[in-house]
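Here is a model to walk through together. Have the view open and turn it as you read.

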Amino acid sequence: MALRRDGSMNATPLHQLVYTSAYRAGRVHSELQALRAILSVSRRNNLAAGVTGFLIFDRDSFVQVLEGPRETLEATMARIEQDDRHRDVTVIGIRPIETRAFQAWTMGGCHRTPQQQPIFAAHGILDRIDRSKVSFETVVSLARDLSAQASPQG
Ligand SMILES: Cc1cc2nc3c(=O)[nH]c(=O)nc-3n(C[C@H](O)[C@H](O)[C@H](O)COP(=O)(O)O)c2cc1C
């Protein structure tokens with residue numbers, strides 16, 4: 001067992017995973033209700049599993065950063081992939097990390113607002129997120145900037 005810089009003990013190195021998917025509207029929930037429900041379950045599960053991250057909801061797209069031990073991320077992704085609130089789940093990449101970028105968030109999240117436009121524009125995203133083009137690094141740094149502006153997780 002190694003003592004990691006974030007203070008946790010874990011035999012497996014931390015990884016960061018980024019994926020994109022397409023939102024599938026449900027009949028019961030509005031977009032905001034859907035996001036709230038996803039974040040609420042995610043926070044409960046991720047707290048127990050040692051997963052952190054951030055979820056961006058931009059009109060018809062989700063992009064999500066997940067951090068944790070690799071096998072935990074794989075188990076979490078296996079559940080997420082089966083979720084019928086989205087489709088076309090595409091993992092952009094997974095890489096080892098030294099420290100978590102979203103230490104404070106068992107799952108932060110936001111629904112894109114016009115007020116966030118300067119942050120998206122600073123990452124070259126003027127219109128909606130193009131899931132086929134957006135890069136791993138862009139998603140992580142965009143999510144970092146959005147998380148710095150988001151209200152604390154409650
Ligand atoms: C866009 C999206 C992101 C999600 N992110 C997570 C997550 O970070 N962690 C998680 O446990 N479940 C996440 N889920 C929910 C899972 O798909 C699944 O519904 C949930 O893990 C089931 O948990 P339960 O068995 O405790 O009800 C996400 C779902 C969607 C649609």
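Is alanine 78 buried or exposed? Before the answer, a word on the model. This is a predicted model, in which local features need pLDDT of at least 70 and side-chain atom pairs count only at pLDDT 80 or more, while totals for chains, interfaces and linings use all residues. Residues are numbered from 1 along each chain as its sequence is written.

Alanine 78 sits in helix H2; helices (H or I, at least four residues) and strands (E, at least two) are DSSP runs, numbered from the N terminus. Alanine 78 is exposed, because 9 other C-beta atoms lie within 10 Å. The scale behind that word counts other C-beta atoms, placed from the backbone, within 10 Å of a residue's own: 20 or more is buried, 12 or fewer is exposed, and in between is partly exposed. For orientation, leucine 47 is 31 residues from alanine 78 in sequence and 17 Å away in space, C-alpha to C-alpha.

Let's turn to the ligand. Its shell holds 16 residues, and the closest are Ser42, Asn45, Phe62, Asp83 and Arg85; a residue belongs there if its C-beta atom, placed from the backbone, lies within 6 Å of the molecule. Helix H1 (31-49), strand S5 (61-69) and helix H2 (70-81) each give two or more residues to this shell, with the largest share, five residues, coming from H1. By class, seven of the shell residues are nonpolar, six polar and three charged. Here Ala, Val, Leu, Ile, Met, Phe, Trp, Tyr, Cys and Pro count as nonpolar, Asp, Glu, Lys and Arg as charged, and the others, Gly among them, as polar.

S4 and S5 run antiparallel, joined by seven bridges; strands pair if DSSP finds at least two bridges between them. Aspartate 58 has serine 61 of S5 as its bridge partner. Two residues separate the strands of this hairpin, and arginine 59 in the turn has a positive phi of about 50°. S4 also pairs with strand S7 (residues 108-111), in the parallel sense over four bridges, and there phenylalanine 54 is partnered by glycine 108.

Finally, look at helix H4 (residues 136-149). Its buried residues are Val139, Val140, Leu142, Ala143, Leu146 and Ser147. Seen down the axis of H4, these fall within an arc of 170°, so they line one face of the helix; the arc is that of the directions from the helix axis to the C-beta atoms. The face turned away from them carries the exposed residues Glu137, Ala148 and Gln149.
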